[in-house]
Amino acid sequence: MNKLEDFITSPLGVYCHDAGSANLIVAWLQDCEIDLSVCMEGPALLIWKRYFPDINTSPIEEVLKNSTSLLSGTGWGDSEYLVRLEAKKRSIKNIAVIDHWTNYEERFSRNDNEELPDLILVSDKYAFDKAKVLFPVIPIIQLPNTYLEQEAKLAKLVRTRDCRSLIENILIIAEPIRDKSSSKNQGVEFAAIEFLMNNFDKINLSNKLAKIKLRPHPSESLNKYDFIQKKYDHLVTEFTISKNSSLHDDLAWADIVVGMNSYALVVALSAKIPTMSILPPGSNESILPYEEIIHLRDL
């Protein structure tokens, strides 16, 4: 089975900003014995501190100065892309991690300028097959999804009861969606939650007790969904905004996990929790390549 050490040269530099790739990379590094220096910023820094609280991060200039290979994420922002550009100028081997199933080519392009890495790492067969087609001249390597395995296992261990068929606990996985819904020019993340709240009759809810916990994306503020909470608080016994740093704790609480395109839905599936897409009619199809996900708009 492939492992990270097989494809990197020491000393290794690591740079992440967005949470998706950082989750995969941090999980791989837990079992990796190699000389490395790390720069983490944004949501990725919180993930690093959770798993490596005693290992300090360094400025990116110091990381690049001391590295012969670079392992980086491929998030929406420019920082990871720019760090790869700088690494290329210094003849540092570039290894990029794709953590999802969308916008593959855009991850490596800015202003019509494409800069591809030397190697791409993925963590499942769907991403592997897609990357092989889009980047035929670059080695694509699939590594075990250690992050997924760990979080799903922890969710099962922490859970205190089985998922109820009469649903009591609904976990909403929020995320920033960059498209707008066609009808109200409203962010899809808000339209999806509204769609859920207006279609409770399609879900097998407990009449006596129904609670909602909304988990914001690591890049979102905790108060982003306050108006949604206030608007629909009367429909359920309890509506809270999660402040848990650990995904598995929230998953262990849930009888059903609902969301849009978040990787957390895949973790929920692996933890054997009923999982539902709440993307509303008129929005794009779900990009999650798993048939087990229920779709509210099809009910």
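Visitor: Is Glu86 buried, partly exposed or exposed?
Guide: Glu86 counts as partly exposed, at 27% relative accessibility. Buried means under 20% relative accessible area, exposed over 50%, and partly exposed in between, with a 1.4 Å probe and protein chains only. Please note that this is a predicted model: local features need pLDDT of at least 70, side-chain atom pairs count only at pLDDT 80 or more, and totals for chains, interfaces and linings use all residues. Residues are numbered from 1 along each chain as its sequence is written, and side-chain values use heavy atoms, with hydrogens and water left out.

Visitor: Which residue does Glu86 form a salt bridge with?
Guide: Its partner is Arg90, with the closest N and O atoms 2.9 Å apart. A salt bridge here is a side-chain nitrogen of Lys or Arg within 4 Å of a carboxyl oxygen of Asp or Glu.

Visitor: What meets Arg90 in the other salt bridge, the one at 2.8 Å?
Guide: The side chain of Glu61 does, at 2.8 Å from N to O. Glu61 lies in helix α3 (residues 60–65) and Arg90 in the loop between α4 (79–89) and β4 (93–97), so this pair ties together parts that are 29 residues apart in sequence. Helices (H or I, at least four residues) and strands (E, at least two) are DSSP runs, numbered from the N terminus.

Visitor: And how accessible are Glu61 and Arg90?
Guide: Glu61 is partly exposed at 44%, and Arg90 is partly exposed at 30%.

Visitor: How many salt bridges are there in the whole structure?
Guide: The search finds 14. One of them joins the side chains of Glu168 and Arg164, at 3.0 Å from N to O. Glu168 is buried at 15% relative accessibility, whereas Arg164 is partly exposed at 38%. Through shared partners, salt bridges connect Arg161, Arg164, Glu168 and Asp255 in one network.

Visitor: Changing topic, where does Ser283 lie?
Guide: Ser283 is in the loop between β13 (275–277) and β14 (294–295). The residue is buried, with a relative accessible area of 16%.

Visitor: Which residues does Ser283 touch?
Guide: Leaving aside residues up to four places away in sequence, Ser283 touches Val188 and Arg297; contact means heavy atoms within 4.5 Å.

Visitor: What does the side chain of Ser283 make with that of Arg297?
Guide: The two side chains make a polar contact at 3.2 Å. The term denotes a pair of N or O atoms within 3.5 Å; within protein, one must be able to donate a hydrogen and the other to accept it, and residues adjacent in sequence count only if both atoms are side-chain atoms.
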